[in-house]
Protein chains: 4
Amino acid sequence: MGDTASFTKTITETDVVLFAGLTGDFNPAHIDSEAAARGFFRARVAHGMLTASLISTVLGTRLPGPGTIYLSQGLRFTAPVYLGDTVTARAEVTEVDEAKRRVRLRTWCTNQHEKVVIEGEALTMVPSP
Amino acid sequence: MGDTASFTKTITETDVVLFAGLTGDFNPAHIDSEAAARGFFRARVAHGMLTASLISTVLGTRLPGPGTIYLSQGLRFTAPVYLGDTVTARAEVTEVDEAKRRVRLRTWCTNQHEKVVIEGEALTMVPSP
Amino acid sequence: MGDTASFTKTITETDVVLFAGLTGDFNPAHIDSEAAARGFFRARVAHGMLTASLISTVLGTRLPGPGTIYLSQGLRFTAPVYLGDTVTARAEVTEVDEAKRRVRLRTWCTNQHEKVVIEGEALTMVPSP
Amino acid sequence: MGDTASFTKTITETDVVLFAGLTGDFNPAHIDSEAAARGFFRARVAHGMLTASLISTVLGTRLPGPGTIYLSQGLRFTAPVYLGDTVTARAEVTEVDEAKRRVRLRTWCTNQHEKVVIEGEALTMVPSP
């Protein structure tokens, strides 16, 4: 309870190009710089799910850590992430159910200006070794 | 209301290796075949967020379509996706708020056996052209 | 002194293809399955420097950890790594020079059969925070 | 004896992002531009092992050439490589043991300003055809 962990990465154009290629999400907001310049955010932005995936990195490698199984994740996208922004994903344990081996966590991502870009909640299971 | 769309892709070992590389999520469940064989799912599985990202592909390229802005996404991971599985992500419009330009959708993913692997709900905004 | 850390990853065909692409090392031993079948190891093998790079992962993310600066690395390649092998890179602190902020480590990699595939020594510097 | 060969490549942000992804080396010095700006080198630098891998490219494709087997490599990292730097890896034969089919080489890498960024020695075996 109260334990926290984080993971930080700069979201580069390379990341966005590759994420589009992996997922097939070629929304022009991410891969068409001309359309994006005329669009809502005035420039290409990273896929929300790319940023959100850094939460999975925290859960699966740091807290609860290796072996963690994802049960659910809620995500609210509160601000755009631009190419070149540096995102920190964070998790904080809010509830532990030892009988069911479940861990609930508050999860959120901030950019380099400490602005929250994603917030939500995760539920995980930690299998017995 | 009631409109549906889908996107289908086979999740290969390459996808999982690249997704780990983009996100830093090197949870052994995804990238260590020896540990995964001894683990909960008995083999490497795809990152849940990789599969979930196919929902973003539906929203951002088909329904509501190009230009869509993601406001929120709920995700429940209900079954594992193994390397080589073919996933179909689907979305169905459940609510349209024309004044706020918001579209709510039921979203879910199935594997090639029609088993639901992810279910949840998305809220999107569709900017005026 | 005596602290240890490790990192494990299955070396997939994807990894070898991408490593060849990043480095330009198109030695047929790695990317020509026909030539490799007739060659010394009877099948494609991973680049030695790909396996060796997992040592850098241990040093730069676990021990000494984030911020570590690499000063030197010795490498002896003692056995081949085949596509699909699971490699564990390990490091053990053997000497600490607090005045110069230097840490010396024994470093080695094993495959899933505990066979040593690389051994050598690293010297690192840990900048003051 | 005395033969030389080289290989030159610009180290891009893409190379560094992909190398981090292949190896799992997410040391912030490489993938967090905010932390790197505050760190020892004042900007993101390439992984030392990425630059060092260009030596393997020379050995495995040019001198001794295709089919070469790596026996050992010593590496001293003498200066940082920044994103956008152009690195030339070089090898010069210093010893040939025809009976054992072994070739020893001096190996080093320079940046576009002729500054040595890596130096060391390689020992290779050249199988009979």
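The model is predicted: local features need pLDDT of at least 70, side-chain atom pairs count only at pLDDT 80 or more, and totals for chains, interfaces and linings use all residues. Residues are numbered from 1 along each chain as its sequence is written, chains are lettered from A and ligands numbered from 1 in the order in which they are written, and side-chain values use heavy atoms, with hydrogens and water left out.

**Symmetry of chains A and B**

Chain A is superposed on chain B by a rotation of 180° with 0.0 Å of shift along its axis, the RMSD being 0.1 Å (least squares on the C-alpha atoms of residues with pLDDT of at least 70 in both copies). The two copies are therefore related as by a two-fold rotation axis. Among the residues of chain A, Gly74(A) comes closest to this axis, its C-alpha lying at 2.2 Å.

**Interface of chains D and A**

Twelve residues of chain A are in contact with ten residues of chain D (heavy atoms within 4.5 Å).

| Property of the D–A interface | Value |
|---|---|
| Buried area (accessible area, 1.4 Å probe, lost on being put together, summed over both parts) | about 830 Å² |
| Share of buried area on carbon and sulfur atoms | 60% |
| Salt bridges (side-chain nitrogen of Lys or Arg within 4 Å of a carboxyl oxygen of Asp or Glu) | zero |

Of the area that chain D buries against chain A, Val17(D), Ile31(D) and Glu34(D) supply 44%, more than any other three residues.

Note on methods: Buried area = accessible area lost by both parts, 1.4 Å probe.
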